[in-house]
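These notebook entries record what I looked up in the structure shown below.

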Amino acid sequence: MPYKFNFDLSKVPRFFFTEMATVSYQKGMHRTLIKKLQEIILTFRIQESTGLNLSDSLVLLQDLIDLQAVNMIERGKFLQTKKRALFLSHCTRKYLDSRCKAVFNSNIPSYSCSHCSEDCLVSQSDHLARKKGYDVYVVPGGSCIPNILKNTHYEGVVGIACGEEMRVLKPLLNSMDVAGQAIPLLKNGCANTVFNMETLIKVL
Ligand code: SF4
Ligand code: SF4
């Protein structure tokens, strides 16, 4: 399910994400969470960078913190896994129209990238992940993932989507005992979306 607002964090300094990870790991943060988030929003001028109001900024940052925390908690388990898959949201393709030459297989359901554009995030991710032994799925929506997981029995899953989509998937991965690592989009909007390739390289 998409956010009710659009955001673009791709121009926010990398240090912001380090700070987020640190905050997410601090003990007892729940007591001071809102205050800390407001401080971070002010320090990194998130409202000015994104045009979001304070309330939407808080929702977005809370999701990013939750994902960072889950990534850290699950990291050890994920590293033990052998059979892994990478799931990308279809919105990360360079083109969403007929210029994208990916082949859609409705039986899975997933797009299979044909590598028509070297600068497409999906193409680069597909190359990287397959070299490391991952299966790769480019899915039209998070609702496609439960069936794929039921039929494939992966032990570890890396997902790239906006935070709200990831939040919905987390209970599913828990219920199937699949270790998850999430890479949230830095820019949403369901087209021309962006995530950080360096983060993907580290996570894979
Ligand atoms: S590189 Fe792959 S996903 Fe990207 S536009 Fe081309 S076929 Fe589609
Ligand atoms: S931005 Fe991408 S991942 Fe998020 S709801 Fe839209 S299509 Fe799905």
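**Ligand shells and helices**

I began with ligand 1, whose neighbours (a heavy atom within 4 Å of it) are Arg93, Cys100, Lys101, Ala102, Cys113, Ser114, His115, Cys116, Ser117, Cys120, Val122 and Ser123. The model is predicted: local features need pLDDT of at least 70, side-chain atom pairs count only at pLDDT 80 or more, and totals for chains, interfaces and linings use all residues. Residues are numbered from 1 along each chain as its sequence is written, chains are lettered from A and ligands numbered from 1 in written order, and side-chain values use heavy atoms, without hydrogens and water.

I noted that the shell of ligand 1 comprises six nonpolar, four polar and two charged residues. For these classes, Ala, Val, Leu, Ile, Met, Phe, Trp, Tyr, Cys and Pro are nonpolar, Asp, Glu, Lys and Arg charged, and the others, Gly among them, polar.

I then turned to ligand 2, which has Pro2, Ser89, Cys91, Ala161, Cys162, Glu165, Leu185, Asn188, Gly189 and Cys190 around it. I recorded six nonpolar, three polar and one charged residue in the shell of ligand 2.

Next I checked the bends, each being the angle between axes fitted to the seven residues ending at a residue and the seven starting there.

In α7, residues 163-175, I located a kink of about 30° at Leu169, shortly before Pro171. Leu169 is also buried, as are Leu172 and Leu173.

How values were computed. Helices (H or I, at least four residues) and strands (E, at least two) are DSSP runs, numbered from the N terminus. The expected span of a helix is 1.5 Å times one less than its number of residues. Buried means under 20% relative accessible area, exposed over 50%, partly exposed in between (1.4 Å probe, protein chains only).
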